[in-house]
Amino acid sequence: MELKKITDGLSVSGQIQIDDLAKLAKRGFRSVICNRPDGEAADQPTHDEIEAAATQAGLRFLYLPVTPGIVTEETATLFREALTELPGPVFGYCRTGTRTTTLWALAMAKEKSVVDILAATKAAGYDMTGVARRIANGGVTPTDSVEDASYDVVIVGAGAAGVAVASSLKSRKSDLDIAIIDPADIHYYQPGWTMVGAGVFDAQTTAKTMGSLIPRGVHWVKSAVAAFEPANNAVILDGCRVVKYKRLIVCPGLKLDWAAVDGLEETLGKNGVTSNYRYDLAPYTWKLVQEQKGGRAIFTQPPMPIKCAGAPQKAMYLSASEWEKQGKLGNMDIQFMNAGGVLFGVKDYVPALEEYVKRYDAKLNFFHNLIAVDGPNKTATFKVAKPDAEPETVTVEFDMLHVCPPQCAPDFIKVSPLVDAAGWVDVDQVTLRHKTFDNIWSLGDVMNAPNAKTAAAARMQAPVVAANIAADIDGKGPQAGYNGYGSCPLTVEKGKIVLAEFGYGGVLLPSFPKWALDGTKATRRAWILKEQILPPVYWKAMLRGKEWMIKPEKIIAK
């Protein structure tokens with residue numbers, strides 16, 4: 001008997017034997033539900049035998065049989081009533097536990113979100129995506145009339161990657177019927193928030209209405225995705241609307257997991273706690289920097305992967321640069337708390353960064369992962385896990401705290417059948433095509449290619465996906481390959497940037513000859529690129545399918 005916990009009130013397993021009932025009672029269960037009809041197998045005890053043993057062990061028993069493949073709404077309702085009426089915790093079983101888990105999933109459909117139900121069942125080892133549509137429809141089997149749309153290409157996510165790939169596809173095949181699914185009203189230029197936190201950009205310049213950016217001729221489905229049915233070429237939306245596709249592109253971006261740090265959400269935006277990872281907080285960073293007259297400023301970096309791995313230290317450098325300008329630097333104690341063990345993942349750029357760490361007299365604290373914040377008392381607690389040493393926790397006082405939150409794939413992605421064991425969309429890192437489902441591609445932060453998660457990477461990936469989908473429509477194999485390009489403009493001081501550009505394995509992939517712009521050194525030209533050139537390139541080129549300086553590499557058959 002292998003127990004699998006669905007909730008605190010319900011655990012399930014496959015077929016049990018008579019002597020398991022006493023064990024269940026000893027483990028604290030108070031009721032048993034049998035969902036397996038008698039006579040399915042020769043070695044299966046009857047429910048009468050199980051009930052007798054349950055009664056002898058002091059357990060309540062309910063026989064609620066489910067024929068394989070026929071989980072009715074009526075049975076799910078009875079199961080829900082049983083969970084309410086029977087003393088808990090409850091143990092349920094069938095042949096494998098799947099029917100019991102399905103009953104629970106359908107019974108909870110009106111009380112919990114699709115994502116929460118799929119996450120709970122997946123954590124227990126049961127894949128309920130096959131009934132996702134019923135869950136989204138409140139546990140009721142949807143009729144054909146709720147299927148509301150079908151497109152040649154459906155794109156999940158209207159961030160930088162989604163809008164760019166839609167435009168690139170339209171530029172290649174203008175007659176394609178494309179839909180983008182995204183519930184957001186506003187599209188943000190997130191690379192600009194570092195500059196907002198330094199008082200260089202106004203926050204308003206980094207935001208535009210979504211409707212103004214959806215490419216002409218592309219449908220905007222303003223809704224959230226609840227689940228994927230790749231076997232049926234369908235995406236299930238909140239409310240159980242169904243969108244079908246011939247080809248699917250998945251690019252919803254990352255989830256910023258603020259709740260993973262105890263006490264952080266309650267104090268963001270006050271008590272000196274800020275983050276350039278949120279539109280509304282980046283101006284608060286600039287306010288704090290201006291108001292600091294001395295004290296300790298802490299900048300945190302969580303475990304990888306995160307979007308723009310250089311962003312946490314960008315905030316540190318630009319804050320220090322301002323304090324240096326104001327003559328306050330000598331009064332500041334600057335601490336960089338990094339959950340990782342290196343300053344930057346590509347060694348060629350580290351010497352230039354270390355010069356600025358020395359110049360600002362910043363202290364580097366590696367293997368320090370932020371786990372809790374006490375805003376009113378202005379303390380931050382870190383788990384310190386250095387190699388070859390026992391883990392410990394340290395609590396540090398601060399006057400200003402800039403937090404980079406832990407990040408992961410969105411919940412509706414993590415519980416989908418599209419992901420690898422780590423929860424990222426599983427693609428071939430060159431073609432960006434899904435490894436299992438031939439008509440699905442992914443790009444941007446949510447897929448598992450080992451590249452830097454930056455807007456520059458998405459800009460390079462969009463034409464790769466567009467070219468390969470266009471080739472697939474024409475009956476050809478993949479034509480374009482992604483080399484892992486990503487870029488991180490490290491703003492080391494106001495007016496200068498170390499422009500890191502690299503691909504898979506840390507191979508340097510500079511866009512300019514060294515005599516024009518040496519990315520391994522801090523330069524004024526790189527700052528001008530970031531401040532004056534990249535924003536219009538983003539809004540007017542990348543999002544409009546103009547692929548300047550990003551021609552995809554051709555795949556050569558061997």
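Residues are numbered from 1 along each chain as its sequence is written, and side-chain values use heavy atoms, with hydrogens and water left out. Because the model is predicted, local features need pLDDT of at least 70 and side-chain atom pairs count only at pLDDT 80 or more, whereas totals for chains, interfaces and linings use all residues.

Side chains of opposite charge can pair when their charged atoms come close. With a salt bridge taken as a side-chain nitrogen of Lys or Arg within 4 Å of a carboxyl oxygen of Asp or Glu, the count comes to 21 salt bridges. One of these joins the side chains of E111 and R80, with an N to O distance of 2.6 Å. This pair links distant parts of the chain, 31 residues apart, since E111 lies in the loop between helix 4 (98-107) and helix 5 (114-123) and R80 in helix 3 (residues 73-85); helices here are DSSP runs of H or I with at least four residues, and strands are runs of E with at least two, both numbered from the N terminus. On a scale where buried means under 20% relative accessible area, exposed over 50% and partly exposed in between (1.4 Å probe, protein chains only), E111 is partly exposed at 48%, and R80 is partly exposed at 25%. A salt bridge also connects R278 with D280, the closest N and O atoms being 2.8 Å apart, and R36, E40 and R99 are linked in a network of salt bridges.

In helix 10 (residues 282-291), the buried residues are A282, Y284, T285, W286, L288 and V289. Their cover includes helix 8 (193-196), strand 15 (273-274), helix 11 (311-325) and strand 22 (400-402), where contact means heavy atoms within 4.5 Å.

Strand 26 (residues 486-493) is largely enclosed by the rest of the structure, because eight of its eight residues are buried. Strand 26 pairs with strand 27 (residues 496-502) in the antiparallel sense over six bridges, pairing being assigned if DSSP finds at least two bridges between two strands. Within this pairing, S487 stands opposite E501 of strand 27. The two strands form a hairpin with two residues between them, and G495 in the turn has a positive phi of about 110 degrees.
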